[in-house]
Amino acid sequence: MRIAVVGSGYVGLVAGACLADLGHDVQLVDNDGSKVAALQAGQIPIHEEHLPELFRRHHGRQLRFTESLPEAVRNSQAVFVAVGTPPTEQGEADLSYVESVAREISGAIHGYTVIVEKSTVPVYTSDWVRRVMLRNATAADTFDVVSNPEFLREGTAVVDFLYPDRIVIGADNPRSAAVLREIYAPLISGSYYERPDAISGPASAKVPPPLIVTSAKSAELIKHASNAFLAMKISFINAVATICESVGANVEQVCQGIGSDSRIGRRFLNPGIGYGGSCFPKDLMAFRSVARECGYEFRLLDEVMRINEEQRNRFLRKIRNALWTLRGKRLGVLGLAFKGGTDDIRESPAMALVQCLLQEGCQIAAYDPAAAERARGVLNSSVEFVNSPYEAATGADALLILTEWEEFATLDLKRLQKVLKYSIVIDGRNLYDCETMAALGFTYYSVGRPSTVPDSPAENGTAAAGKLTKA
Ligand code: UGA
């Protein structure tokens, strides 16, 4: 099918490349000329596994790039809208880009076209898009608006798109639903997974994925409610981690216990320094605004956000606890991205912590496998960007782990100990086993687990090597 995707941000770019891999003819539109030129030249602006492979397969053939929305739309049976919906000062989603794209589409469609909402948008957006199209003299029987929320995560975006837990189609009539069914047919029928060149997915993937057909409004709510629920799960476990720290319990054991209840599940129950990224913080605020407009105060969401904020402050207190004063201390920082596997630093809790530590007068040597370039543009020049975790640790008063990159979980701990000024690791992602760190003589703080403080004075005043204590 001929498809236009408007917006070459994270969702648009990944969706466009994956739709091309499903066999469609995709034109990706962006109004940023330099971005389009870079994409036409084969440059990929984001760090995302499998995207280079999809570019090699389809670039310039089934995946093309243009600045001209009318041209792309004129030739397409479906137009995916994947433009940004940034928050306004009040926290609502700013839908002005969606509206102007709808206006532009209205002047360009030829024949029946389905407008597909791919951006995360509040409930009623599909109604508004429809109204904008009608106001701009588009005949009612030449288009439909469908909500098709996307659940991909940065870092695993391609695999998430091709191996989704479910495909949600929010369509208010069978005609538009049929177009979406056709677009996703290779996934829904399972034929994609039989192809020898299919991008390989996780062993646990449910293939083919279930298709959920709903009204457009329900689909819009499914997206906001899913992100809000996931953020709530993270804040919930972070709150439980705080209790674990006060009583000397281990949150990993608690997670295992509660997560093995199939009604709860183990995923997204990892405590840390709070959630970040371009989605959860923005979507929670937007969902709260939507609820308020509908006359409901969704106070649970306020609490989810409060716990998230507090989690970062608690981690800062942990660093103070470990080092006493901060001015002039040299800290090695591992991880600046908002999570592992991505170069995205938007709303990154790691970046926020580094900024606080700089304000406190710390010297920072930071390492991130992918996000250093982006971070350099934001952090002031006092941060030293280094090329390995060991370089970050060299001469440092303590090493902080802020992002769950896989390579941070397999460090040579003896080597680390040799290069650190003091063997102090403050781990915001629980990547190491407390007992192992204790046995090696590290002072080790993590989240929701007993701390290892070998040099803390024991009750009789002598040092207690490798002792596990309450945080
Ligand atoms: C999130 C959702 O997971 C996707 O389903 C959704 O499509 C996407 O938002 C979106 O709306 O576009 P993403 O922001 O890429 O995806 O990242 P996540 O993997 O969800 O992580 C978000 C934050 O939560 C990160 O800072 C991560 O470190 C943190 N997190 C995640 C935890 O602290 N603990 C966990 O157990 C899981």
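Predicted model: local features only at pLDDT ≥ 70, side-chain atom pairs only at ≥ 80, totals over all residues.

I started with lysine 223: an N or O atom in its side chain sits 2.8 Å from an oxygen atom of the ligand. I count that as a polar contact, meaning a pair of N or O atoms within 3.5 Å; within protein, one must be able to donate a hydrogen and the other to accept it, and residues adjacent in sequence count only if both atoms are side-chain atoms. Next I checked the backbone. A polar backbone atom of leucine 152 is 2.7 Å from an oxygen atom of the ligand, and a backbone N or O atom of glutamate 150 lies 3.4 Å from one.

How much of the ligand does the protein bury? Taken alone, the ligand exposes 720 Å², and the protein buries 93% of that (Shrake-Rupley areas with a 1.4 Å probe; for residues, only the protein chains shown count as cover).

Residues are numbered from 1 along each chain as its sequence is written, and side-chain values use heavy atoms, with hydrogens and water left out.

Then I looked at the shell. I found 20 residues around the ligand, with Leu152, Glu154, Lys223, Asn227 and Cys279 the closest (near means that a heavy atom of the residue lies within 4 Å). By class, I noted nine nonpolar, three polar and eight charged residues (Ala, Val, Leu, Ile, Met, Phe, Trp, Tyr, Cys and Pro are nonpolar, Asp, Glu, Lys and Arg charged, and the others, Gly among them, polar). Helix 11 gives the most to this shell, with three residues (helices are DSSP runs of H or I, at least four residues, and strands runs of E, at least two, numbered from the N terminus).

I followed helix 11 to its neighbours. Its axis and that of helix 13 come within 9 Å and cross at roughly 120° (axes are lines fitted to C-alpha atoms, for helices over the stretch in contact, and angles run from 0 to 180 degrees between N-to-C directions). So helix 11 is oblique to helix 13 (under 35 degrees is roughly parallel, over 145 roughly antiparallel, 65 to 115 roughly perpendicular, the rest oblique). Helix 14 (residues 299-323) packs on helix 11 at about 45°, with the axes 9 Å apart, so that pair is oblique too.

Last, I found a cis peptide bond joining valine 207 and proline 208, with omega about -10°.
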